[in-house]
Every structure is written in C-alpha cells, then in structure tokens.
Amino acid sequence: QKLRALISSNIHRVLDDGRLGCSGQIFLREIAEPTEVIGEIFHDVIAPLRQRTQEIIRELLGPCVTDQDVLFCVLSVIHQCIAMGFRKSRKKLPPIFSGDKLSIEIIDQLVDHVVLFSLAGIAAVRAKIESKES
C-alpha cells in the first residue's frame, strides 16, 4: 500500500493535466536543466521523497539488505515513474497515451502496472538476498 501510494503520487505528479501535473513538469524540467532553484527543490522535495522511498523499499527487501540493493531498487521504481513525464514533456508518449488529455483510467492502469512490476522486481531481489544468507 505504501509503495502503491508513492508510485501513484509520482506518476500522477508528472502526467496529470491539472495543477499537480504542472508542478510535476516544472520539477522534471528543473532536474533536466537545473537552475539556482535546484538546491531548494532538493532540500524541500527530492531529499524527503528519496528518504521515504528508501524506507519503503528497505522494508520490502527485508532485514539483511545492503544500501546498494536499496539504491538500485529505488532507482528502478522512481525512473519508471518519471520516465513517462519526460516523454510527455517531449511529446513522445506511446500511442495508448495519445489525445488531448490523458485519462485518469489510463494513468491508473500505468500505476497498477508499475506497482506490479516493481513488487515483482523487489521480490526477486529479496529472494536473491535471502538465498545468499542460507
């Protein structure tokens, strides 16, 4: 549930056509082409989001996880979320996402997919970690 909420908020932030999406697109633009504001954005937005994401992933991976395992999983999850935002900003979304406005249904289907895909990957990493313990 925690991972789903995190993924949903990130994907909606970068794909929503309303105010939420506008702030997400500004955020992505700042990441792609940093200005002097990036330090403030990092402190106020990125650092807390990264810490929360790491906590959720660490919890899912189990007690014997390394920092590198957490980092790799965090990168995988977050990049799935923001990649579509970058594609949207460049008007290079796949045909299923075409149209004047992205429907909430399609965005929610993408959220479901990213959650399922991420949980499967995290489970595989956890199984690998646990097999090394034996």
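This is a predicted model: local features need pLDDT of at least 70, side-chain atom pairs count only at pLDDT 80 or more; totals for chains, interfaces and linings use all residues.
1. Start with Ala47. Ala47 counts as partly exposed because its relative accessibility is 24%, and buried would need a value under 20%. This residue is found in helix α3. Its C-alpha atom lies 28 Å from that of Ile104. Along the chain, Ala47 and Ile104 are 57 residues apart.

2. The mean pLDDT of the protein is 85. A score of at least 70 is reached by 93% of the residues. Confidence is highest in helix α5, residues 104-133, where the mean is 93. It is lowest in helix α2, residues 19-32, where the mean is 70. Keep that in mind when reading about α2.

3. Now the overall layout. The protein has 5 helices and 0 strands. Read from the N terminus, the order of elements is α-α-α-α-α. The C-alpha trace spans about 55 × 35 × 20 Å along its principal axes. Of the 134 residues, 33% are buried.

4. How do contacts relate to sequence distance? Take the contacts between residues at least 6 apart in sequence. Of these, 67% join residues at least 24 apart.

5. Next, Phe27 in helix α2. Is Phe27 buried or exposed? Phe27 counts as buried, because its relative accessibility is 13%. Setting aside neighbours within four places in sequence, Phe27 is in contact with Ile41, Val45 and Ile46. The C-alpha atoms of Phe27 and Gly85 are 10.0 Å apart. Along the chain, 58 residues separate Phe27 from Gly85.

6. Turn to the core. The largest nonpolar core holds 32 residues. Leu3, Ile7, Ile11, Leu15, Ile57, Leu61 and Leu110 have the most contacts inside it. Which elements give two or more residues to this core? They are α1 (2-15), α2, α3 (38-61), α4 (67-89) and α5. The largest share, 9 residues, comes from α4. As general background, nonpolar side chains in soluble globular proteins tend to be buried together.

7. Leu110 deserves a look. Not counting residues up to four places away in sequence, Leu110 touches Ile11, Leu15, Met84 and Phe97. Ile11 and Leu15 are, like Leu110, among the residues with the most contacts inside the core.

8. Helices α1 and α3 pack at an angle of about 145 degrees. Their axes are 10 Å apart. The crossing of α1 and α3 is left-handed. From α1, the contact uses Lys2, Leu3, Leu6, Asn10 and Arg13. From α3, it uses Leu49, Arg52, Thr53, Ile56, Ile57, Glu59 and Leu60. By class, these are 6 nonpolar, 2 polar and 4 charged residues.

9. Helices α3 and α4 pack at an angle of about 115 degrees. Their axes are 9 Å apart. Which hand does the crossing of α3 and α4 have, left or right? The crossing is right-handed. Thr53, Gln54, Ile57, Arg58 and Leu61 make the contact from the α3 side. The α4 side brings Asp67, Asp69, Val70, Cys73, Val74, Val77 and Ile78. The residues of this contact divide into 7 nonpolar, 2 polar and 3 charged.

10. Last, follow Ile57 through the model. Ile57 of α3 takes part in the contact with α1. Ile57 also takes part in the contact with α4. And Ile57 is one of the residues with the most contacts inside the largest nonpolar core.

How values were computed. Residues are numbered from 1 along each chain as its sequence is written. Side-chain values use heavy atoms; hydrogens and water are left out. pLDDT is the predictor's confidence in each residue, from 0 to 100. Helices (H or I, at least four residues) and strands (E, at least two) are DSSP runs, numbered from the N terminus. A nonpolar core is a set of buried Ala, Val, Leu, Ile, Met, Phe, Trp, Tyr and Cys residues joined through side-chain atoms within 4.5 Å. Buried means under 20% relative accessible area, exposed over 50%, partly exposed in between (1.4 Å probe, protein chains only). Contact means heavy atoms within 4.5 Å. Axes are lines fitted to C-alpha atoms, for helices over the stretch in contact, and angles run from 0 to 180 degrees between N-to-C directions. A crossing is left-handed if the near helix is turned anticlockwise from the far one by less than a right angle, and right-handed if clockwise. Ala, Val, Leu, Ile, Met, Phe, Trp, Tyr, Cys and Pro count as nonpolar, Asp, Glu, Lys and Arg as charged, and the others, Gly among them, as polar.
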